[in-house]
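The sequence and the model come first, and the description follows.

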Amino acid sequence: MLSFIVRRLLQTLPIILAVAALIFVMFSVIPGTFASSMSDDGRSVLDAEVMARMNKEFGLDDPVYVRFGKYIAQLATFDLGTSFRTRQPVASVIADRLWPTAQLSFAAMLFAIVVGVPLGFIAALRPGSWIDTISMVSAVSGLSLPKFWLGLMLMYLFALVLGWLPSFGYGGGDPRYIILPAIALGVAPLALLARTTRAAVLEIMNADFVRTARSKGMSESKVVRWHLTRNALVIILTTIGLQFGTVIGQAVVVEKLFSWPGLGSLLVDSVTLRDIPVVQGSILVIVLLFLIINMLVDVLCAIIDPRIKYT
Amino acid sequence: MSRKPLLEVENLRIDLSVGDAKFPAVQDVSFTIERGETFGLVGESGCGKSITSLALIGLLRHPLSIGGGTIRFDGKEIQNLSQSEMRKLRGNRISMIFQEPMTALNPLSPIGRQIAEMFVLHKGVSWTEANRLAVEALASVRVPAPERRVKDYPHQLSGGMRQRVMIAIALACEPDLLLADEPTTALDVTVQAEILDLIRELSAARGTAVLMISHDLGLIANMCRRVGVMYAGRLVEERIADEVFRNPSHPYTSGLVASLPLLGARSKHGRQRLKEIAGVVPPVAAFPAGCRFNPRCYAATELCRVEDPGVTPLANGGLVRCHHHE
């Protein structure tokens with residue numbers, strides 16, 4: 001088990017290298033640099049000499065491969081570099097933002113799991129019933145709703161009309177502030193989880209071993225508890241792991257909308273300003289988070305399913 | 001103890017629903033099984049033998065349902081029992097072994113637990129006691145080192161071992177009737193013989209009657225006293241096993257017997273093509289009028305194409321469903 005985790009952690013190294021390389025390529029393709037973005041308000045024109053000096057200062061005048069090599073060398077010492085904008089170490093900039101994003105993502109996934117999985121179960125156990133139809137129609141709608149629109153509607157209803165919840169902001173960690181963004185972010189994974197759970201349960205319902213369980217004279221509720229749940233859990237857990245990544249990615253939109261001080265809004269701001277070290281660092285942290293969550297899911301799956309070997 | 005047979009199936013009909021239409025996948029099937037007897041059902045794939053056994057244990061699921069007839073078990077009609085009453089019979093007095101030992105066991109549950117469930121469900125014992133009984137049950141199907149093996153998961157066992165576990169589950173509560181649906185089809189030939197011996201020996205020791213379903217005539221001849229031959233949802237012949245093979249009465253049965261390859265036939269008669277019955281079993285929705293076998297029958301006449309043959313009694317309590325039986 002421990003060697004499995006160590007091996008999986010080692011496997012993340014090439015992934016991180018690849019991601020870093022991709023970001024470097026991206027920033028060398030899109031127009032603009034940090035220096036040009038500073039002067040890009042349409043009114044002032046930055047002196048070409050000043051721009052050249054800034055580029056030199058940040059090492060932006062080196063060829064891409066040289067910069068990449070430097071960056072990787074730096075990364076090897078666990079140094080994420082310094083932000084162009086704030087001149088602070090990227091690691092500390094990210095550390096400030098990591099906790100709100102983690103809070104928001106976990107809250108959204110919690111909402112999705114607590115509602116979505118039971119919904120999928122109920123729908124699968126009563127296929128074709130009204131509860132099945134309603135939950136699957138709402139699941140499809142949930143998947144199709146744009147997050148920014150849903151977020152605005154939630155704000156309008158619960159903050160403006162009903163006045164139950166604050167409309168936006170972090171509120172210094174007040175739990176009431178997390179509810180609306182978590183729902184806005186959690187609806188899509190909820191819908192997907194409900195659908196996946198339903199499909200998984202329906203498939204297992206037709207499995208031979210479920211027929212065996214019935215032939216033993218087991219009641220349907222015991223069939224579900226003794227034989228179906230564990231089998232469905234493997235599929236559900238895998239989906240949860242994958243959805244976590246999507247949620248962290250999509251948090252960008254929701255964080256921006258709700259002025260949530262997380263990694264997502266940091267990322268958007270840093271991309272606009274071409275603050276490459278912060279963008280690099282944020283994306284690497286997000287990727288790392290995703291990899292770790294999926295590793296945990298794999299470990300859990302291997303605990304549940306004895307056929308999965310730690311390889 | 002009543003003198004009545006253990007199981008009496010009368011005019012059983014199983015419907016296949018396709019939209020609003022219903023097609024009889026099994027029709028007019030009647031047979032009886034005495035206590036402790038082994039009765040065989042043979043037929044090609046899709047002839048309705050498996051769904052007949054599922055009907056007996058009340059496990060038909062949509063789109064299949066019992067459309068008529070009676071199933072009397074131990075003198076009591078069971079085709080209309082409620083689910084909860086049926087559950088008391090299922091596993092306890094009627095149990096079943098399935099064809100695929102690879103998928104018939106829950107992959108995420110230790111086999112000991114899957115056997116122990118039977119004792120918890122039907123004997124009302126604690127899990128600790130049930131686990132102890134599971135070790136005994138595993139020993140009774142001759143799985144070596146049962147104390148250790150109960151903790152194994154199905155994927156750690158071979159096909160034959162898994163089928164032994166299935167037998168242990170099926171016979172755990174000493175049922176009166178065991179439904180064995182192609183129990184050895186998925187196994188190696190050498191393992192087949194072991195499993196069949198085990199079923200024969202354990203059912204004899206417990207006085208359990210067996211309904212053995214197979215497409216393997218040799219196996220049926222070996223295991224069963226009486227045999228029912230099914231074709232396209234109907235029982236076309238029912239005889240003492242020996243007579244079926246020595247002197248088949250229905251043209252379909254003759255065809256089946258003739259298509260058995262004989263060991264050593266080549267050295268005696270030279271190289272010959274294996275015999276076969278031309279054509280295929282018709283789909284449920286397209287059973288022909290008259291005798292259902294007529295399009296494939298060498299002896300079919302005009303009568304066979306229009307009139308459905310009734311059941312004709314034969315010597316020794318045999319029955320045949322043919323206008324031109326031999």
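Chain A contains 12 helices and zero strands. The model is a predicted one. The C-alpha trace of chain A spans about 85 × 55 × 30 Å along its principal axes. Of the 311 residues in chain A, 35% are buried. When contacts in chain A between residues at least 6 apart in sequence are considered, 73% of them join residues at least 24 apart.

**Annotated regions of chain A**

UniProt, in an unreviewed entry, places the feature "domain: ABC transmembrane type-1" at residues 98-297 of chain A. Over that stretch, residues 98-297, the chain is 83% helix and 0% strand.

Residues 106-125 are 100% helix and 0% strand, and their end C-alpha atoms are 28 Å apart.

The table gives their angles and axis distances.

| Helix pair | Angle between axes | Axis distance |
|---|---|---|
| H1(A) (residues 2-29) and H12(A) (residues 276-304) | roughly 150 degrees | within 10 Å |
| H9(A) (residues 208-215) and H10(A) | about 145 degrees | 10 Å |

The axes of H1(A) and H12(A) cross at roughly 150 degrees. Because of that angle, H1(A) is roughly antiparallel to H12(A). The crossing of H1(A) with H12(A) is right-handed. On the side of H1(A), the contact is made by A:Ile5, A:Arg8, A:Thr12, A:Ile15, A:Ile16, A:Val19, A:Ala20, A:Ile23 and A:Phe27. They meet A:Ile276, A:Val279, A:Gln280, A:Ile283, A:Leu284, A:Val287, A:Leu288, A:Leu291 and A:Met295 in H12(A). Sorted by class, the contact of H1(A) with H12(A) has 15 nonpolar, two polar and one charged residues.

H9(A) and H10(A) also pass each other in a right-handed crossing. From H9(A), the residues A:Phe209, A:Val210, A:Ala213 and A:Arg214 meet A:Val223, A:Trp226, A:His227 and A:Leu228 of H10(A). The contact of H9(A) with H10(A) has six nonpolar residues, one polar and one charged.

**A residue in H10(A)**

A:Val253 lies in helix H10 (residues 220-257) of chain A. Is A:Val253 buried, partly exposed or exposed? A:Val253 has 18 other C-beta atoms within 10 Å, so it counts as partly exposed; a buried residue would need 20 or more. Apart from neighbours within four places in sequence, A:Val253 is in contact with A:Lys147 and A:Phe148. A:Val253 and A:Ile113 are 140 residues apart along the chain, and their C-alpha atoms are separated by 21 Å.

**The contact between the chains**

The contact takes 25 residues from chain B and 19 residues from chain A. On the side of chain B that touches chain A, the elements giving two or more residues are helix H2 (83-89), strand S6 (94-97) and helix H3 (111-123) of chain B. H3(B) provides the largest share of that side, four residues. By class, the side of chain B that touches chain A has 12 nonpolar, eight polar and five charged residues.

**Backbone details in loops**

Some backbone features fall in loops of the two chains. In chain B, a cis peptide bond joins B:His62 and B:Pro63, with omega about 10 degrees. B:Pro63 is in the loop between helix H1 (49-56) and strand S4 (64-73) of chain B.

A:Arg87 has phi near 60 degrees, a positive value in a residue other than glycine. A:Arg87 sits in the loop between helix H4 (64-76) and helix H5 (90-125) of chain A. A:Arg87 counts as exposed because 7 C-beta neighbours lie inside 10 Å.

For B:Arg142, phi is likewise near 60 degrees, again a positive value in a residue other than glycine. The loop that holds B:Arg142 runs between helix H4 (127-140) and helix H5 (146-149) of chain B. With 16 other C-beta atoms within 10 Å, B:Arg142 is partly exposed.

Technical notes:
Residues numbered from 1 in each chain as written. Chains lettered and ligands numbered in written order. Predicted model: local features only at pLDDT ≥ 70, side-chain atom pairs only at ≥ 80, totals over all residues. Axes fitted to C-alpha atoms, helices over the stretch in contact; angles between N-to-C directions. Parallel < 35°, antiparallel > 145°, perpendicular 65-115°, else oblique. Left-handed = near helix turned anticlockwise from the far one by under 90°. Contact = placed C-beta atoms within 7 Å. Nonpolar A, V, L, I, M, F, W, Y, C, P; charged D, E, K, R; others polar. UniProt positions renumbered as here; feature names shortened; annotations may be inferred. Buried ≥ 20, exposed ≤ 12 C-beta atoms within 10 Å, placed from the backbone.
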